[in-house]
Amino acid sequence: MHASQSAHRSARWWLAATVGAVVLFLATAPPGHAEESNPNNYTCLGHLSAGHAELGSDETQVQYTFLCNGPITGYQVQSQVPVTGIQSPPTATDLQSKPLNDSFSCSGDIPGFAANCVGGTKAPDEWITGQFAIGTKLCAEPRVDALLTVTYAYLEKGAIVQAISGPFELGRPQGCPASAFSGASRLNQTARAVSKHHRAKKRHKKATGRKARHRSR
């Protein structure tokens, strides 16, 4: 019962934070951004690297950096390695590395597997940089391999419309030595696993068919 109540409280907090950020963003953002590109079909790219040391923490800091071809009002960085700390707020810069006033606030269950961030960028192609902590070495296998999902809320005919794009690969950390797992990615691994499953089912179906034909003779 306690876990269920905690989950409901977390869900209510996340909803309230998201709605609050959306209202604030819509009140300050110039109109017309939703028309720049389809916010349900954004293209985002980014990467992971070693993060900066956090005062009072001796855990490994992982930095993420990404940009999208449209404005966003929230995002989630999903890790398959437990997240033990989340830095807030991330920073936003333009393509010339000039700091911008756009900002996000991040939170999430600790330990957990995601950093959830709400806020807003007012234009496409803004670099978002933040970091989170993990309890293992950056280059130790299995290395952290993160996915990114972004959201965008905008006004259309007086109603708030919400869009979501992703997941996108942030990949394994840059700067680590090659290993037997180099070149792999979570999305590619999932695709290969699905393909392998379908091939196995097809082989099983063929084998079952051959046995049935043999028994009928």
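A disulfide (a pair of cysteine sulfur atoms within 2.5 Å) joins Cys-106 to Cys-117. That pair ties strand β5 to strand β6 (residues 112–120), with the two cysteines eleven residues apart. Strands here are DSSP runs of E, at least two residues long, numbered from the N terminus.

A quick note before going on: this is a predicted model, where local features need pLDDT of at least 70 and side-chain atom pairs count only at pLDDT 80 or more, while totals for chains, interfaces and linings use all residues. Residues are numbered from 1 along each chain as its sequence is written, and side-chain values use heavy atoms, leaving out hydrogens and water.

The disulfide count comes to three:

| Pair | S to S | S-S torsion |
|---|---|---|
| Cys-44 and Cys-68 | 2.0 Å | about 110° |
| Cys-106 and Cys-117 | 2.1 Å | about 110° |
| Cys-139 and Cys-176 | 2.0 Å | about -80° |

With bonded cysteines counted along the chain, the pattern is 1-2, 3-4, 5-6.

How buried are they? Buried means under 20% relative accessible area, exposed over 50%, and partly exposed in between (1.4 Å probe, protein chains only). Cys-44 and Cys-68 are both buried, and so are Cys-106 and Cys-117. Cys-139 is partly exposed at 28%, whereas Cys-176 is buried at 16%.

Cys-44 also turns up beside Leu-148: leaving aside neighbours within four places in sequence, Leu-148 is in contact (heavy atoms within 4.5 Å) with residues including Cys-44, Phe-66 and Tyr-75.

Finally, there's Thr-73, in the loop between β2 and β3. Thr-73 is buried, at 5%, and its side chain reaches the backbone nitrogen of Ala-153 at 3.0 Å.

Note on methods:
Helix = DSSP H or I, 4+ residues; strand = E, 2+ residues; numbered from the N terminus. Polar contact = N/O pair within 3.5 Å; in protein donor to acceptor, adjacent residues only side chain to side chain.
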